[in-house]
Amino acid sequence: MSYEVIVIGGNFAGLSAAMQLTRARRRVLLVDAGKPRNRFSLASHGFLGQDGQAPAAIMGEGKRQLSLYPNITLRDGKVIRAQKEGEEFTIAIEGGGEERADRLILATGVSDTLPDIPGLRERWGRSALHCPYCHGFEVSGGELGVLANHPHSAHSAMMIPDWGATTFFTQSLFEPDEEQLARLTARGVRIERSPVVELLGDSPKLQAVRLADGRTVPVDAIFVAPKTAMASPIAEQLGCAFDDGPFGPVIRTGENKETSVKGVFAAGDAASSMHNATLASASGVLAGVHCHQSLVMPPAG
Ligand SMILES: Cc1cc2nc3c(=O)[nH]c(=O)nc-3n(C[C@H](O)[C@H](O)[C@H](O)COP(=O)(O)OP(=O)(O)OC[C@H]3O[C@@H](n4cnc5c(N)ncnc54)[C@H](O)[C@@H]3O)c2cc1C
């Protein structure tokens, strides 16, 4: 069967895009590999109406609501190849099966690479956190750390005192400049230059970090900005242009969420350097609406 739109990736961005297109009565296929970026957390926060819900529950409810429409097919699976042939797109799904569509929406998200420090990976999403707006409230009042692995880390460290007593671990790599130092001091942030070499405690809880000089510092939760990569090579296969984001590559899109490849739209973390469920959902809505309009009024030329 040929579809009008195939949405690849089915969490905040993909489900939101598919919802607009499905409600516009278009024939939609959504293929999702079921590995959303926030799956390491017990609860998701800040998404209106879903605050505190488990990530899998939000995704499951989104899929359930979409499945009530007659013109969408929801398929579990991983798209391993996509190509443009003339004005049409073909995708291949792992384990067999090819599908065709007039438009593609890429909502495949990103994957995270954390600093290689023993004890960090297994605490990811629990006591090692990427974002205070998502998880800061739950750890507020505790001893908080910011692990520097990025030039923006000092900026994060200035925010964190709103949630608790803060130590900025520079790792001897990201020394704040004079202005940053003055602001960190004014905010009461302690600075540790000896690198964190291990996270300690009954995982996924965190009790302290061990420093290279042998000392241990009590910490209940630590914030770290991971480096990001595309979770899927599909955008690259299609020849989409990328921009360098602060944490990793970002699929380039116009305001209408169309990529540099005509007929391919992109939304969510893969196409933004601001990573947040609501923003991913909002960009999915934009991609869905503009994709629909491009079916009605294909651009000239
Ligand atoms: C640990 C953690 C906790 C977070 N907590 C919060 C929070 O509480 N609140 C908040 O606002 N934000 C939170 N975020 C950020 C939030 O998770 C992301 O901004 C959001 O998930 C991005 O949505 P998305 O739809 O773009 O991508 P994702 O949610 O990552 O979904 C992408 C989907 O595409 C699928 N996919 C990928 N490749 C393919 C392929 N080739 N074929 C088929 N399917 C594919 C994936 O399996 C996945 O299901 C958190 C992030 C992390 C890392």
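**View 1. Glycine 145 stands opposite threonine 167 of strand 10.** This is a predicted model, in which local features need pLDDT of at least 70 and side-chain atom pairs count only at pLDDT 80 or more, while totals for chains, interfaces and linings use all residues. Residues are numbered from 1 along each chain as its sequence is written, and side-chain values use heavy atoms, with hydrogens and water left out. Strand 9 (residues 143-147) and strand 10 run parallel and are joined by five bridges; strands, DSSP runs of E with at least two residues, and helices, runs of H or I with at least four, are numbered from the N terminus, and two strands pair if DSSP finds at least two bridges between them.

**View 2. Strand 10 also pairs with strand 11 (residues 190-192), in the parallel sense and over three bridges.** Here the bridge partner of threonine 167 is arginine 190. Four of the five residues of strand 10 (residues 165-169) are buried, that is, under 20% relative accessible area with a 1.4 Å probe and protein chains only, where exposed means over 50% and partly exposed lies in between.

**View 3. Aspartate 32 and lysine 63 form a salt bridge, with the closest N and O atoms 2.7 Å apart.** The term denotes a side-chain nitrogen of Lys or Arg within 4 Å of a carboxyl oxygen of Asp or Glu. Aspartate 32 belongs to strand 2 (residues 28-32) and lysine 63 to helix 2 (residues 55-67), so the pair ties together parts 31 residues apart in sequence. Both aspartate 32 and lysine 63 are buried.
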